[in-house]
Amino acid sequence: MLMLYNSDSFAVVQIDVPDAMAARGDGPLMGGGYEIVDKFARKEIFLQGPMAQHFKDGVEALIETEPSEEELDDYIARYTTLAQQPVVLH
């Protein structure tokens, strides 16, 4: 697990699954992905597979332009409209 981004609005964590576990495909992560937490809405979403790759590609393209925090938050906000899972603290 690697924290990639943390602002007042969002947190993005990359979750990697070891190759042996991902190859079995029997777990919910199946290769890993990105967890996005919308701090204001108190909801989260986990992106994996093609959606995770699309998110990664978009972030990499955005990083090349040296975006502001506001621009990064705007990009991430596009994905949070899919979030349905409430954030639960352990």
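Student: Is Tyr34 buried or exposed?

Tutor: Please keep in mind that this is a predicted model. To judge burial, one looks at the relative accessible area, and a residue counts as buried when that value is under 20%. Tyr34 has a relative accessible area of 10%, and therefore it is buried.

Student: Where does Tyr34 lie in the fold?

Tutor: Tyr34 belongs to strand S3, which covers residues 33-38.

Student: Which residues does Tyr34 touch, leaving aside those up to four places away in sequence?

Tutor: The contacts of Tyr34 include Leu4, Val12, Val13 and Gln14, as well as Ile45, Phe46 and Leu47. Ala52, Phe55 and Lys56 are also among the residues that Tyr34 touches. Tyr34 and Asp16 are 18 residues apart along the chain, while their C-alpha atoms are separated by 8.7 Å.

Student: How many helices and strands does the protein have?

Tutor: There are three helices and five strands. Of the 90 residues of the protein, 33% count as buried. As for contacts between residues at least 6 apart in sequence, 46% join residues at least 24 apart.

Student: How should I describe two helices that pack together?

Tutor: Two packed helices are described by the angle between their axes and by the distance between the axes. Here, take helix H2 (residues 49-63) and helix H3 (residues 69-80): their axes come within 11 Å and cross at roughly 165°. An angle over 145 degrees counts as roughly antiparallel, and H2 and H3 are therefore roughly antiparallel to each other. The crossing of H2 with H3 is right-handed.

Student: Which residues of H2 and H3 meet?

Tutor: From H2 come Met51, His54, Phe55, Gly58, Val59, Leu62 and Ile63, and from H3 come Glu71, Leu72, Tyr75, Ile76 and Tyr79. By class, the residues of this contact of H2 with H3 comprise nine nonpolar, two polar and one charged.

Student: Is Val59 buried, partly exposed or exposed?

Tutor: Val59, found in helix H2, has a relative accessible area of 24% and is therefore partly exposed. The C-alpha atoms of Val59 and Ile76 are separated by 8.7 Å, and the two residues are 17 residues apart along the chain.

Technical notes: Residues numbered from 1 in each chain as written. Predicted model: local features only at pLDDT ≥ 70, side-chain atom pairs only at ≥ 80, totals over all residues. Heavy atoms only, no water. Helix = DSSP H or I, 4+ residues; strand = E, 2+ residues; numbered from the N terminus. Buried < 20%, exposed > 50% of the residue type's maximum accessible area, 1.4 Å probe, protein only. Contact = heavy atoms within 4.5 Å. Axes fitted to C-alpha atoms, helices over the stretch in contact; angles between N-to-C directions. Parallel < 35°, antiparallel > 145°, perpendicular 65-115°, else oblique. Left-handed = near helix turned anticlockwise from the far one by under 90°. Nonpolar A, V, L, I, M, F, W, Y, C, P; charged D, E, K, R; others polar.
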